Structures are given as structure tokens and as C-alpha cells.
Amino acid sequence: MPERADGRTDGRGPGDGGGARRRGPVFGLAEVYNPSMLPTLRPGDRLLLHYGSVVRPGDVVVVRHPFRQDLLIVKRAVERQGGGWWVRGDNPRVVNDSREFGAVPDDLVVARARLRLRPLGAQRSPLAVVAWALSAVRPLRAARSLSSFLRAR
């Protein structure tokens, strides 16, 4: 099953409508369901999304799956190719990315992920809560060294 992000969008991401301005909220939330972005993102993590943000190589993005556009997926933007982005998951064992479907057209790029919000686990001991608090909210910065490692071949 593909990596999924459950997010609410009005369908007007960057490039939709021939450069028309996006209506609706600028920020939103999505939930990660599958392991294609391990170790960066785990299933259950929530993402703070920035719609209409400029995408750069190494950024974590939410895109519409090219073959199932009702499905949102979370990937890392590796490099720009023509009118789209080559995207890959951080988990080398999962191949549901541009290696399978090619570059993702610009109009299918929905948002850039800005923050990862990790849910509080079932264990509620004081030590577990402190450990969660120290790692729960983390900015998602572009992985520059990772993007060169993942460069399309």
C-alpha cells in the first residue's frame, strides 16, 4: 500500500488553475500512515503543512499520487526535472516513489511539510513524557546531504 497522508485540501495546490492563487487556509495538518519516510517520519506522526510554499531539493512534501490522484503521499523532493519533481521516500525498502511512477508534475505538489508532530505514546511515565516532549515537535528542514545521496540516476 502506498505511503498515505490524510490531509484536507481544497485541491488548489501550487500550479493549479494556471497560476491562480490558492483559496483557503495556508496551513493544514496531515497524518503519516505508512513507513516509506522512516526514519524521518513514523506512521502516526502528524505534519504541519504549508500550502503554496516554494519547494527546494531535500524538502519533505505532500503530493498527489500520479496514478491515484485522490491519494496523498509524503515524500522527499530530490530534484527538479522538467515540469515536475523527482521524489523519494527516506526508507530504501519502500519503492513507492519516482522510481516507480517518474517525476511528479508541479500541479500535483500539494504542500511542503514544515513540522513533524509526534503523538504521545501509550506509556505515560514521567520519563516517557519528558522524552516525548523533547522530540515531539521537530522542524522538517531540507536534508541537503540526503538529497544529493538520493539524486535520480
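This is a predicted model: local features need pLDDT of at least 70, side-chain atom pairs count only at pLDDT 80 or more; totals for chains, interfaces and linings use all residues.
1. **Salt bridges overall.** Start with the charged residues. Side chains of opposite charge can pair when their charged atoms come close. In this structure there are eight salt bridges.

2. **Arg68 and Asp70.** These two residues form a salt bridge, and their closest N and O atoms are 3.9 Å apart. How open to the surroundings is each partner? Asp70 has a relative accessibility of 63%, so Asp70 counts as exposed. Arg68 has a relative accessible area of 43%, which makes Arg68 partly exposed.

3. **Arg76 and Asp90.** Here the closest N and O atoms of the salt bridge are 2.7 Å apart. Arg76 sits in strand 5 (residues 72-81), while Asp90 sits in the loop between strand 6 (84-88) and helix 1 (98-101). The pair therefore ties together parts that are 14 residues apart in sequence. Buried or exposed? Arg76 has a relative accessible area of 3%, so Arg76 is buried. Asp90 is buried too, because its relative accessible area is 12%. The cut-off for buried is under 20%.

4. Arg88 forms a salt bridge with Asp97. Their closest N and O atoms are 4.0 Å apart. Both residues, Arg88 and Asp97, are buried. Which residues make up the network? Arg88, Asp97 and Arg99 are linked by salt bridges. Find these three residues in the structure and look at them together.

5. **The aromatic pair.** Now turn to the rings. A pair of aromatic rings is described by the distance of the centres and the angle of the planes. The count for this model is one aromatic pair. Phe67 and Phe101 form the pair, with 6.3 Å from centre to centre and 85° between the planes. The arrangement is edge-to-face. Phe67 lies in the loop between strand 4 (60-64) and strand 5, and Phe101 lies in helix 1. The two are 34 residues apart, and the pair links distant parts of the chain. Phe67 has a relative accessible area of 58%, so Phe67 is exposed. Phe101 has a relative accessible area of 10%, so Phe101 is buried.

6. **Asp59 and its surroundings.** Where is Asp59? Asp59 lies in the loop between strand 3 (46-51) and strand 4. Its relative accessible area is 2%, so Asp59 is buried. What does the side chain of Asp59 reach? Set aside the neighbours within four places in sequence, and Asp59 is in contact with Val54, Lys75, Arg76, Ala77, Arg112 and Ala142. Among these contacts is Arg76, the residue that forms a salt bridge with Asp90.

7. Which residues make the nonpolar surface patch? Leu120, Val129 and Trp132 make this patch, which has an area of about 200 Å². Leu120 is in the loop between strand 8 (109-117) and helix 2 (126-135). Its relative accessibility is 31%, so Leu120 counts as partly exposed.

Key:
Residues are numbered from 1 along each chain as its sequence is written. Side-chain values use heavy atoms; hydrogens and water are left out. Patches are made of residues with over 30% relative accessible area and no salt bridge: like charges are joined within 9 Å, nonpolar side chains (Val, Leu, Ile, Met, Phe, Trp, Tyr) within 5 Å. Accessible areas come from the Shrake-Rupley method with a 1.4 Å probe; for residues, only the protein chains shown count as cover. A salt bridge is a side-chain nitrogen of Lys or Arg within 4 Å of a carboxyl oxygen of Asp or Glu. Helices (H or I, at least four residues) and strands (E, at least two) are DSSP runs, numbered from the N terminus. Buried means under 20% relative accessible area, exposed over 50%, partly exposed in between (1.4 Å probe, protein chains only). Rings of Phe, Tyr and Trp (its six-membered ring) pair if their centres lie within 6.5 Å; planes under 30 degrees apart count as stacked, over 60 as edge-to-face and the rest as tilted. Contact means heavy atoms within 4.5 Å.
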